[in-house]
There are 4 protein chains.
Amino acid sequence: MAIRLGPNQYGKAESRVVRIYRDTPRHQIRDLNVSSALRGRFEEAHVTGDQGDVLPTDTQKNTAFAFAKEKGVDTIEEFALALADRFIGVTPAADGARVEIEEYAWDRIVVDGTGHDHAFVRNGGGVRTTVVNVDGSGEDRTAHVVTGVKDLTVLKSTGSEFFGYLKDEYTTLPETHDRILATSLVARWRYDSAFTDRGAVDWDKSYGSILALLLQRFAEIHSLALQQTLYGMGEAVLEQHPEVAEIKFSAPNKHHFLTDLSPFGLENPGEVFIAADRPYGLIEATVLRDEAADAGNAWHGVPGFC
Amino acid sequence: MAIRLGPNQYGKAESRVVRIYRDTPRHQIRDLNVSSALRGRFEEAHVTGDQGDVLPTDTQKNTAFAFAKEKGVDTIEEFALALADRFIGVTPAADGARVEIEEYAWDRIVVDGTGHDHAFVRNGGGVRTTVVNVDGSGEDRTAHVVTGVKDLTVLKSTGSEFFGYLKDEYTTLPETHDRILATSLVARWRYDSAFTDRGAVDWDKSYGSILALLLQRFAEIHSLALQQTLYGMGEAVLEQHPEVAEIKFSAPNKHHFLTDLSPFGLENPGEVFIAADRPYGLIEATVLRDEAADAGNAWHGVPGFC
Amino acid sequence: MAIRLGPNQYGKAESRVVRIYRDTPRHQIRDLNVSSALRGRFEEAHVTGDQGDVLPTDTQKNTAFAFAKEKGVDTIEEFALALADRFIGVTPAADGARVEIEEYAWDRIVVDGTGHDHAFVRNGGGVRTTVVNVDGSGEDRTAHVVTGVKDLTVLKSTGSEFFGYLKDEYTTLPETHDRILATSLVARWRYDSAFTDRGAVDWDKSYGSILALLLQRFAEIHSLALQQTLYGMGEAVLEQHPEVAEIKFSAPNKHHFLTDLSPFGLENPGEVFIAADRPYGLIEATVLRDEAADAGNAWHGVPGFC
Amino acid sequence: MAIRLGPNQYGKAESRVVRIYRDTPRHQIRDLNVSSALRGRFEEAHVTGDQGDVLPTDTQKNTAFAFAKEKGVDTIEEFALALADRFIGVTPAADGARVEIEEYAWDRIVVDGTGHDHAFVRNGGGVRTTVVNVDGSGEDRTAHVVTGVKDLTVLKSTGSEFFGYLKDEYTTLPETHDRILATSLVARWRYDSAFTDRGAVDWDKSYGSILALLLQRFAEIHSLALQQTLYGMGEAVLEQHPEVAEIKFSAPNKHHFLTDLSPFGLENPGEVFIAADRPYGLIEATVLRDEAADAGNAWHGVPGFC
């Protein structure tokens, strides 16, 4: 009976790298949470305990901070790719690397109508994320970028129905033609490597445009189910963004139940709700285009989507 | 040896009341977390188990939802006062009531440059809070309102020093004349009952103005310590807001440590930091005016400040 | 209009001090979370920014780690008192100090029926806590110790009723003579300074005995309300522990609602429940003895109980 | 350019099902967190919004509660399989179902040396988990069971080294021959379908035995790296449990850094540590046997391992 090592990876998770650009009095801030993981031929480290192939996780952390100075943090996508290439380059046993980065947004504090030079307030809206997976180097190198947004909480107070569903003997849910629809959205989109391999994506511009489009479509679509809303949002992204090959959603249906005020002689025509915690619906869906480049390892280690 | 009941209170915590105003196609949303607690002569409930004096916590919850329809939610301060008065009115054994409300802000989703009528995105910045304490009713009624903001994360990338402090043999911290100053601010201010008792406070206007002022002063003050920054912020509020008797702060000093890049031959002139989790400094301070009305029970049950 | 500094304190929160005793091959582990805060005459630090009176929070942290070596950690109560006295001793402006410690328990991993010498598994049950408040030094020194337990989740599957309560027009809750009673208990008891001042308390023995008694009484008392259960638990502690002057409870009523299975033709005689998150009842009560020494500053800065 | 729906699933997450067995005065409690998700041919629900194929998540929740009465909860593995088969059976468009259950353990409260009949205290140690994936029904049915434990926090105060690792110019970590090794373990093992398909696994016995073995091996193995410890733990499970085809680990390396007490003239020979929060190492590894049955969909939707 042969027992052996299967898939494995290791790295440093959640290094909180904060980079201040202070070349002029008007500072810029990039506030990141960086995680990296290497995969490959690490049998010795596991089976005999010999660590000769292992670049320590502490070194991975050091590299993230050093690169924040040496390379700078222009976009999280480029920063992640640079780290992944570095780790593969210096670790012969590493066949591939995954680097995941979250970026927290800060707004300038407004004083006398103007944004302050070096004082900021955290913008608590959605968090920008990226996961890059790189395999190999040189001619054999393949790289995938999956960018996204999480913790984006949205709500529609009308324009949402749910009816005509399948029923069995455990079904008690009444159909509705007007409900609150709310979710804390996670969306992650895979860039087409035909675009990214030739540097044809403006990361910041693409992110901003897709984020706005997701919000717009959530608002505009008359919803017959969260599934249909998500599909419509994804379809719009693919239609307008040729650089995107695929988009995935994970969306908890944050239930808002109409409270029964009839015991108190009160009507409640869609005005008073209780926001519930658990349980919640959870809808996961992918929208993709047929002719896109293959996903390969793109979704490896993408939280919630692999 | 006489054993007896001491101070006590009971109530329903964290009812998530969501109120939609849909009288016109342009909906409004008020998204609240409501907690209430009654205090008074409840010996029987504890000592013999007789619950005849006890208005159930379930009833307190029902009242919050019913009032959201009957009275509406104009401001959280008025809503909290109405609930407190109600609970004292129907519970003979209750000498006083505390009602705490958090309000989560939502922005309209922008479509074609305009805020949508009924689609919203959660604004993840600071959370508005209020705690009201009412004792008695009729002629003997006293009421206190403590409004505030929490989870307001702010950062200055320069303009902050820390030097000249007391040293002992366990002191290793080097003095600095340029550091990052960051905190997740909790501020709570007590309204002067001389103002609130005659309805002389515009709750929304006062809140908005104080919030802006706190941010402005945080940005403007050249900091010699978080204590001095907080004091300056509080002083400004008291100077410009006669309706405020007192303001209290609780501010974790969210340390951002300059990373040592010298092993890699790199300088780090205030550019690359690691944001640390624990431990953290914790600064708590009160700024008040001498001639203000007495605080009485105002700070009873105010989280983190009693 | 005179504006001035009111009550204030500052310190280092949540230093995670882990002390290993390895004098013999059978190691001991003490796993602590230490927070300290100084209060006193710190006007200069706030008003002018002069930090000459301020012992840095970083020094407070260093002291906690150094004392873990120099003094050792026998009990968290003694360790906290030693830190508080130290901080007052070296900080002339400090009138008082609060030190709060949580201790996480570890069990030895069992191998071949025996606890291992140096391998442990975290015991996830209740967390032991202490908050000490010391004011002054030498002849004028007063010291208070409030020890307790938190995150102690207990449940009774029967032996709990709730009926005979006050009703108003918003009351819909049906009376019950059999329900689940569950809470995540926080209990904190103040030691009588007449005992602690002469070193008459065996901290570990007292804690262990009180914890067992609280659990026993929770189990034994036929509950007519959570209030009555808590009172009975506290009464037993005071009756059997003369060293305790007072005990306070904060207990969320973690609702378990009987699910309605009648639409499926099923009876549910107290067998299937849904455990709810929010809202929850919150019951807070104090049991004390009349002739106990005065509480003084004992409850200053005790989370949830001040 | 063809845009279409890709992989998708939907269901109800985190139904908190509590089942009390009260057939005798000595009650039993099963405390579960149940999540289910259906996958299959749900294009209409997404593309046109027609929900005719969709069994509502609310119905899935109802079924979990109804089954807790009808079928009872003997083991979470059987309960999960029953739910998965049910959902596939009543939902023609569902090709497969995933059901995930966490079970929280409760100990009886000890009164006079004996466990109480109906009073319990939550055992805060590791949480038992299972994820079952079923595809198809009848002759075409395949089923996989992945059971595990999470939140199992373990620590060794010696017997752990880390040296001989790969170094580059960003490596600053000193080698060590004695350090604290600590992790909050997640382990999940896939049962060989050759065993489970013929009902040859005693779920409770297998779980208890594997849990004890994991702890024992963690204690016994002299660690050269967390990778090597995990491999040894997994190897022991496979050697002693023929019913297990594969085991996967996800283990944060919870760093405990030796504090530098030399500025205070103190030595620190492995006695005083600071437990750090972030960043942390993260080690993920699989140990498997070659001849085991194919994994198929077994790891679909297993949190952290897919």
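Modeller: Begin with strands. Helices (H or I, at least four residues) and strands (E, at least two) are DSSP runs, numbered from the N terminus. Two strands pair if DSSP finds at least two bridges between them. A:Gln9 stands opposite D:Glu284 in β13(D).

Biologist: What should I know about the numbering and the model?

Modeller: Residues are numbered from 1 along each chain as its sequence is written, and chains are lettered from A and ligands numbered from 1 in the order in which they are written. The model is predicted: local features need pLDDT of at least 70, side-chain atom pairs count only at pLDDT 80 or more, and totals for chains, interfaces and linings use all residues.

Biologist: How many residues of chain A are in contact with chain D?

Modeller: Contact means C-beta atoms, placed from the backbone, within 7 Å. By that test, 68 residues of chain A are in contact with 70 residues of chain D. β1(A) gives the most to that side of chain A, with eleven residues.

Biologist: Why is it said that the copies meet through the same surface?

Modeller: Because 100% of the interface residues of chain A are also interface residues in chain D.

Biologist: Is A:Phe257 called buried or exposed, and why?

Modeller: Count other C-beta atoms, placed from the backbone, within 10 Å of the residue's own: 20 or more is buried, 12 or fewer exposed, in between partly exposed. A:Phe257 has 12, so A:Phe257 is exposed. A:Phe257 lies in strand β11 (residues 256-258) of chain A. Leaving out residues up to four places away in sequence, A:Phe257 touches A:Phe273, A:Ile274 and A:Ala276.

Biologist: How do you know whether the span of helix α3 of chain A agrees with expectation?

Modeller: The expected span is 1.5 Å times one less than the number of residues. For the 15 residues of α3 (residues 76-90), that is 21 Å; the end C-alpha atoms are 21 Å apart, so the two agree. Buried residues of α3(A) include A:Phe79, A:Leu83 and A:Phe87.

Key. Two residues are in contact if their C-beta atoms, placed from the backbone, lie within 7 Å.
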